[in-house]
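Subject: Handing over the structure, with notes

Dear colleague,

I am passing the structure on to you below, together with some notes on what was found in it. Please read the notes with the structure open beside them.

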Amino acid sequence: MIADFNLATIGQVALSGLATGALYAIMLLGVLIVFQVSKNINFAFGQIGMVAAFGSFFFYSRLGLPPWLAIGIATLVAVAISALTDLLIIRRISHRQGLDFVVTLGELLLLTSLAELLFGTSAQSYLALLSDVSWTIGGVFVNANDLLALGLGVAIIALGHVILNRTALGISLRAAAEDAAIAESVGIKVAGLRTWTWAVAGLLVAIAGMMFASRLSVSSFYMTPLVINVFIAGMIGGLERFWAPILAAFGIALYQAFTIYVFGEPGGVPALFLLIIGILTLVPKRLVDERYEARA
Amino acid sequence: MLPKRLPADRLRSVLAGGSALVLSLILADVALATECKPDEKTPGVSDTEIKLGALMPLSGSAATGGLGAKAGAEAYYGIINDQGGIKGRKISITVLDDEYKPAVAQQQIRTLVQRDGIFAIAGGEGTPNFLAIVPFIEREGIPAIAPYAPSSELGTMKAPHVFMTAVNYITEFQIMADYVVKTYKPKSLSLVGVQGNVGDDSKAGMDLAVKGTDVKVNYIPEVPGTPDLTPIATQLRDLKADWVFLILTNADTGQLLEAMSRIGYKPQTAAWAGMDDDDYIKAFGSLSQGMIIAEETAKVSSQDSLVQKFVSDFKAKTGKAPGKFEELGWVQAEIVVEALQDAKALTRSCVMAALEGMKDFKTGILPSITFGPEARQGVNAVGLVKLDGDHTVEVVPFRSVE
């Protein structure tokens, strides 16, 4: 189905795409710091966000806790799961290449099964998180949840950039990412630093997971297609970089929003893979492959 | 009395032709009925066990339906096994996850047939995933009993091994759209439906309902599990339909209504039978108030004695209260057991013959079920309910269609 465009429609679709892109970017930041510091890909990453959302849903709807407390406790649980994944598992198998894929895939299945057992399989309506506040501006229905997602995305990305580039912690992280042995020799506790990056990644995916839940709904599976898009953005932009994958996250969300609007939902996935093929085949290799980057 | 006298040879010719026609119709009927062959070699049946199989979405956005139907079916087979099974054999049911994906279903059906060696396909949940395995079922000659896969491609002799007890979506959406058009006089309708046969059938039903009126039907196909439904919600808002009809998974229905609400589009809605589900109403009831919902099976709260017996038996067996999907799995199992019990022997041909002989079988949950030698659509009725608060109220009782 080919839809008609007008300015209000373009604004509406763009706003939604940007908000989704901001949440992708928050998740991707978590993927980037873990990959850059630990060289690991965590397949259970999205499900840790699901734990935060389903956990907070459980705490406020079943146990009657105030929403802020429910969100706080569930976020801590997600952070703990992520940190413990590194502390108890990844750290012990770091010398066996590729085993982290298997382990985190197992963790993904475990978290999914546990969520089904504890919370059931039905999708649940999550906290509104400002979804019920809106204004109409120039024909565009501006929802406060969209603005919250955008604000969080911009603030977290900016903060991440400052920390990585302007602080001693950032220098330590980059040193550990570049060469762990040399970093250790100058007194940086690389193992501890890695666990902290996993914890921060847990925090980031918890924030994104709860925001997505407020925009969609929460179920055992809702994060899976989202995290796939995040990994695609990372693949296109390069997991060793910062701005390119973050921009790719926004780009993918906007691109999907418009292709779905124009071609209908069945066109969304093929359009995304056409984009990936196009970028990987047509864009010069040095722009998409970090191995060709000049390093200082 | 003939209106006027015919020449003798002409009369003889007419009588001979008529006799031949009657004879050929009788012969055709006999020839098309499945012959029960008790000695036929049949996999999946031993002296102690009958192996049945089903595919259902047990993960992904449609998992609610599959897991509920699985629980319902397992509870019923458990009760039958507790009572001694069928013809001295216990029923063993294997339910595999097809994720509501046709490609996965095509793999899993081979696992059921080639690895597990099942006797028959007992129930099932989901149309696109089931349609994908129909060619394999027909090629292998496996009876598929009461899958929940409403489709105009099933319920006919094009797929003679599939015995349908779910009314197809053409009929369901025709009745629903007809009610909305006549009751609420909308100017235009929109439909968001799962891409493929499900959405196409629903659109065809709505087109039949608005035929001869000025009402326009817009159709937007959807892919289950799409991460962000806001672009679809924006499309719907731009189309400005008074009513939006939905035939999506429960999770996607809720997510689309969330997205529509977020951009300020709140039309009246109508949806397929899956939304008359306690879990859905609990989660998304506030967004779905006034929704017209098709009613394919009796409400769990029905006063019908057979439905009440189902509820009490299910509770006694599982310790839980059943929902609509548990009810669906239960009634599928009930039909399977009826066919197995009626079969003269536990062979595939005899079970098919037993199903063809099923007449006016009452479950309380579904309208009466009748198959025949050339009839594979056992049920052809649907009712309508309206969501009001945290429960649904009947607006149109079960209505049969021609």
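In what order do the five strands of the open sheet in chain B lie? Before the answer, please keep in mind that this is a predicted model. The order is 2-1-3-4-5, and the pairing in this open sheet is parallel. The edge strands are strand 2 (90-97) and strand 5 (162-163) of chain B, each of which pairs on one side only. Helix 2 (residues 63-82) of chain B packs on this sheet, where it touches strand 1 (49-56), strand 2 and strand 3 of chain B, and its direction makes about 170 degrees with that of strand 2 of chain B. Within the sheet, strand 3 (residues 120-122) and strand 4 (residues 144-145) of chain B are joined in the parallel sense over two bridges, and B:Ile121 has B:Ala144 in strand 4 of chain B as its bridge partner.

Another pairing in chain B involves strand 6 (residues 188-194) and strand 7, which run in the parallel sense and are linked over seven bridges. Strand 6 of chain B is mostly covered, with six of its seven residues buried, while strand 7 (residues 216-222) of chain B is largely enclosed by the rest of the structure, because five of its seven residues are buried.

Turning to the helices, helix 8 (residues 230-239) and helix 9 (residues 250-262) of chain B pack at an angle of about 60 degrees, and their axes are 8 Å apart. Helix 8 of chain B and helix 9 of chain B are therefore oblique to each other, and their crossing is right-handed. On the side of helix 8 of chain B the contact is made by B:Thr230, B:Ile232, B:Ala233 and B:Leu236, which meet B:Leu256, B:Ala259 and B:Met260 in helix 9 of chain B. By class, this contact of helix 8 with helix 9 of chain B has six nonpolar residues, one polar residue and no charged residues.

Helix 13 (residues 348-356) of chain B is largely enclosed by the rest of the structure, since eight of its nine residues are buried. Among the buried residues of helix 13 of chain B are B:Arg348, B:Cys350 and B:Glu356, and what covers the buried residues of this helix includes strand 3, strand 4, strand 5 and helix 12 (324-342) of chain B.

B:Ile175 and B:Ile80 are 95 residues apart in sequence, and from C-alpha to C-alpha they are 36 Å apart in space.

Finally, there is the meeting of the two chains, in which 32 residues of chain B are in contact with 34 residues of chain A. On the side of chain B that touches chain A, helix 2, strand 7, helix 8, helix 9 and helix 10 (278-284) of chain B each supply at least two residues. The residues of that side of chain B divide into twelve nonpolar, 14 polar and six charged.

With kind regards

Technical notes. Residues are numbered from 1 along each chain as its sequence is written. Chains are lettered from A and ligands numbered from 1 in the order in which they are written. This is a predicted model: local features need pLDDT of at least 70, side-chain atom pairs count only at pLDDT 80 or more; totals for chains, interfaces and linings use all residues. Axes are lines fitted to C-alpha atoms, for helices over the stretch in contact, and angles run from 0 to 180 degrees between N-to-C directions. Helices (H or I, at least four residues) and strands (E, at least two) are DSSP runs, numbered from the N terminus. Angles under 35 degrees count as roughly parallel, over 145 as roughly antiparallel, 65 to 115 as roughly perpendicular and the rest as oblique. A crossing is left-handed if the near helix is turned anticlockwise from the far one by less than a right angle, and right-handed if clockwise. Two residues are in contact if their C-beta atoms, placed from the backbone, lie within 7 Å. Ala, Val, Leu, Ile, Met, Phe, Trp, Tyr, Cys and Pro count as nonpolar, Asp, Glu, Lys and Arg as charged, and the others, Gly among them, as polar. A residue is buried if 20 or more other C-beta atoms lie within 10 Å of its own, exposed if 12 or fewer, and partly exposed in between; C-beta atoms are placed from the backbone. Two strands pair if DSSP finds at least two bridges between them.
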